[in-house]
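These are my notebook entries on a structure that I looked up.

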Amino acid sequence: MKSILASPCSAFAAIAIFSVIGGTAHATIVAPDDMKAVIEIVPVQSFWDREAAELDQSLSELVATDADKRTDIPGAASGSNAEEITSSEDAVAQSTDVGSQLQSIRRELADQKRLIAEQRSLIEAQNEKIRQLEMGNALVQAEAPWKLSEMRGAGMAQGQSGSPVSAPSGSTESAADEVSMLPDAPVGEAPPAAQNIEQKVEAVPEGQGVLTPRGQFVLDPSFEYTRSSTNRLVFRGIELIPGIQIGAIEASDADRDTLIGTFAMRYGLTNRLEVEGRIPLLYRKDRIQVVQQREDQIVREIGLKETDIGDAEFALRYQLNQPKGQNPIWVAGLRVKTDTGKSPYEIPFDEFGVATGLATGSGFWGVQPSMSFLLPSDPVVLYGGLGYLWNIKRDVNRVVGDVLIGEVDPGDAINANVGFGFALNPRFSFSLGYRHNYIFSTSTELGDTVQRSNDIQVGSFNFGMSYRLSERQALNLGFAFGVTEDAPDVGITLRMPFRF
């Protein structure tokens, strides 16, 4: 910082340039070319103190000389001629003029000292701000690298470390105005602290996110709506030639709506191991219309409703490795499915073996090991997983209609999913993915025979959104669109996880 002050002193036409060197104010005296003076750089305070001392000494000498002259004038007048008296009077007048000039110079010196004091106070304030900046910089360097991103764009409050410093524009008033105009609060919204994996995968399907930290609970209530409709045309008979059929034609139109309310809770046993429990409550509504064409057309419409608890589940998930850079995070899982829901073999049937109720569970225990991964690849996080569901067979031993149902071995299933999550900002993220289930055939012992069903392919595209309401609460909305014949038409899931 430099401030240029022009000295109005008539005793010497010079310019004083003030500067700060090593925290101390200095002044440099620059003289015009026609002055043969030796110029040196001295501390400002020392320079003005020396000048004031010299001026005081000169003033004292002039006052003493004037007093001597005034004392000598009477005696000289008694023994000298009129010319000498006139010369003495001129000298007295000249000394009076010099005295007034010296008084003016003293006033100017006082003004210069006042300006120097103001400059010194401003320099001290700026040095204090520089010291605070250096301390703030040292603190930033001492923090972990990811902490630096949290401070970018956050703004700097006036009077705190890191506050911007504006150099004075040549006057104390303008410098004070510039300092007063500094913001005392962050300007705008701070950008996200290093966008971590958790933010990017909040919108992914349940079970694919990061683990719960040690000692934390997560309550994850959810509501899921599924819509499924099928239209089938079945011909039972023979076709003699194209267009001529002998037998019965049956057409069915089935619409199934399912609403599932699930209460889930997760707890972090360690930073790499979590336990989870899920209890669902189902409401089912089916409408089936059957049209049979024999000798006469027969139309039947069946409407069924059911509300009951579903199959409870328990799960463990363990993170196999520590995240390092862009390397994937591997998570192993084990899920156990119970048979707490109403089994398909426990619902009532009429005398013809037609169900008059709806099941809310599978009726079998199941164990599913799985392996999933999260792969950070800025600006997204890729996810994927593979699992195998083993359904444990059991002996039903129930008569339905006139048929005895013996041992039933439900088909196992292989499931896989892949997708990515992307955080647009610290609050909102979305995900896109695909999920596919391949369900093997089910073998059922009916009396003395064993029947096997067909394999089933269930595939769906998934789209999810997540909005973080607070540090402990988020709102997730997911959609699943069936792309195979056996898949539900659409599924909508609303989740509201709470952390505490």
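**Entry 1: the largest cavity**

I sorted the lining of the largest cavity by class and found 13 charged, nine nonpolar and eight polar residues. Here Asp, Glu, Lys and Arg count as charged, Ala, Val, Leu, Ile, Met, Phe, Trp, Tyr, Cys and Pro as nonpolar, and the others, Gly among them, as polar. The model is predicted, so I note that local features need pLDDT of at least 70 and side-chain atom pairs pLDDT 80 or more, while totals for chains, interfaces and linings use all residues. Residues are numbered from 1 along each chain as its sequence is written, and side-chain values use heavy atoms, without hydrogens and water.

I searched the whole structure and recorded four cavities of 30 Å³ or more. A cavity is a set of points, on a 1 Å grid over the protein atoms alone, where a 1.4 Å probe fits but cannot get out; lining residues have an atom within 4 Å of a point. Grid points are joined across faces, edges and corners, and a volume is the space filled by probe spheres set on the points. The largest cavity holds about 370 Å³. Its lining has 30 residues, and Glu202, Arg266, Arg495, Pro497 and Arg499 are the closest to its centre.

**Entry 2: strands S14 and S15**

I noted that S14 (residues 394-400) runs antiparallel to S15 (residues 403-409), joined by five bridges. Strands are DSSP runs (E, at least two residues), numbered from the N terminus, and two of them pair if DSSP finds at least two bridges between them. Arg398 faces Ile405 of S15. Two residues separate S14 and S15 in this hairpin, and Gly401 in the turn has a positive phi of about 70°.

Technical notes: On a 1 Å grid over the protein atoms alone, a cavity is a set of points where a 1.4 Å probe fits but cannot get out, and a pocket is an open set with protein on both sides within 12 Å along at least five of seven lines; lining residues have an atom within 4 Å of a point. Helices (H or I, at least four residues) and strands (E, at least two) are DSSP runs, numbered from the N terminus.
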